[in-house]
Amino acid sequence: MKWVVGVDGSSASQKAIARLATLARDGDEVSMFHCFTSPSASLAQVSDQQSRKDLVTHDLSKLDTAASEQAKDVLREAKETYSILHGRGKVQTVLEQSADCKSKIVDWCDNHKIDSIVLGNRSLSQMERWLMGSVSRFVVLHSQYSSVLVVK
């Protein structure tokens with residue numbers, strides 16, 4: 001069986017990792033998936049030209065590097081947590097950079113014929129869901145081939 005667990009360093013993703021550790025069997029393939037948006041990609045989404053000029057004064061390459069390093073740390077910690085809880089099986093890490101991480105996880109899982117996706121639910125407020133969108137809701141609605149387990 002091929003599993004993906006979405007990780008972001010939150011307590012919700014830690015719960016998803018713990019749940020996966022109880023479900024995965026020896027011989028299963030587990031992928032720890034983390035997607036982040038770099039500061040320079042975020043800047044490209046700013047529509048107001050003056051706001052863009054204000055943001056460009058920062059050294060974006062340093063910020064992008066810091067974001068990438070932080071993302072690698074999230075994956076390393078997730079893999080260590082899973083190894084402690086489960087201790088066996090093939091585990092890989094997947095690091096993606098995208099302005100649209102919700103679509104990225106769905107596309108990656110569909111392209112790799114993943115059987116099941118495990119995600120944590122961060123219990124966002126209605127306003128936060130409206131502003132940022134719910135990753136778990138998006139994945140449930142758009143995943144074509146995978147079963148999706150949302151852990152609370």
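Analyst: The model is predicted. Some questions on its sheet, rings and charges follow.

User: What makes S3 and S5 the edge strands?

Analyst: The sheet is open, and its five strands run in the order S3-S2-S1-S4-S5 with parallel pairing. Strand S3 (90-97) and strand S5 (147-151) each pair on one side only. From one strand to the next, the twist averages 20°.

User: How do you know that S1 and S4 pair?

Analyst: Pairing takes at least two bridges. Strand S1 (residues 2-6) and strand S4 (residues 116-120) are joined by three bridges, so they pair. Val-5 has Val-118 in S4 as its bridge partner. Helix H1 (residues 11-23) packs on the sheet and touches S1, strand S2 (29-36), S4 and S5.

User: Why are Phe-33 and Trp-108 called a tilted pair?

Analyst: Ring centres must lie within 6.5 Å to pair. Here they are 5.8 Å apart. Planes under 30 degrees apart would be stacked, and over 60 edge-to-face. The planes of Phe-33 and Trp-108 stand at 55°, so the pair is tilted. Phe-33 is in strand S2 and Trp-108 in helix H5 (residues 101-111), 75 residues apart.

User: Are Phe-33 and Trp-108 buried or exposed?

Analyst: Buried means under 20% relative accessible area. Phe-33 has 3%, so it counts as buried. Trp-108 has 11%, so Trp-108 counts as buried too.

User: What makes Lys-113 lie over the face of Tyr-145?

Analyst: The distance cut-off is within 6 Å of the ring centre, and the charge must also be within 35 degrees of the ring normal. Lys-113 is at 5.8 Å from the ring centre of Tyr-145 and lies over its face.

Note on methods
Residues are numbered from 1 along each chain as its sequence is written. This is a predicted model: local features need pLDDT of at least 70, side-chain atom pairs count only at pLDDT 80 or more; totals for chains, interfaces and linings use all residues. Side-chain values use heavy atoms; hydrogens and water are left out. Helices (H or I, at least four residues) and strands (E, at least two) are DSSP runs, numbered from the N terminus. Axes are lines fitted to C-alpha atoms, for helices over the stretch in contact, and angles run from 0 to 180 degrees between N-to-C directions. Contact means heavy atoms within 4.5 Å. Rings of Phe, Tyr and Trp (its six-membered ring) pair if their centres lie within 6.5 Å; planes under 30 degrees apart count as stacked, over 60 as edge-to-face and the rest as tilted. Buried means under 20% relative accessible area, exposed over 50%, partly exposed in between (1.4 Å probe, protein chains only).
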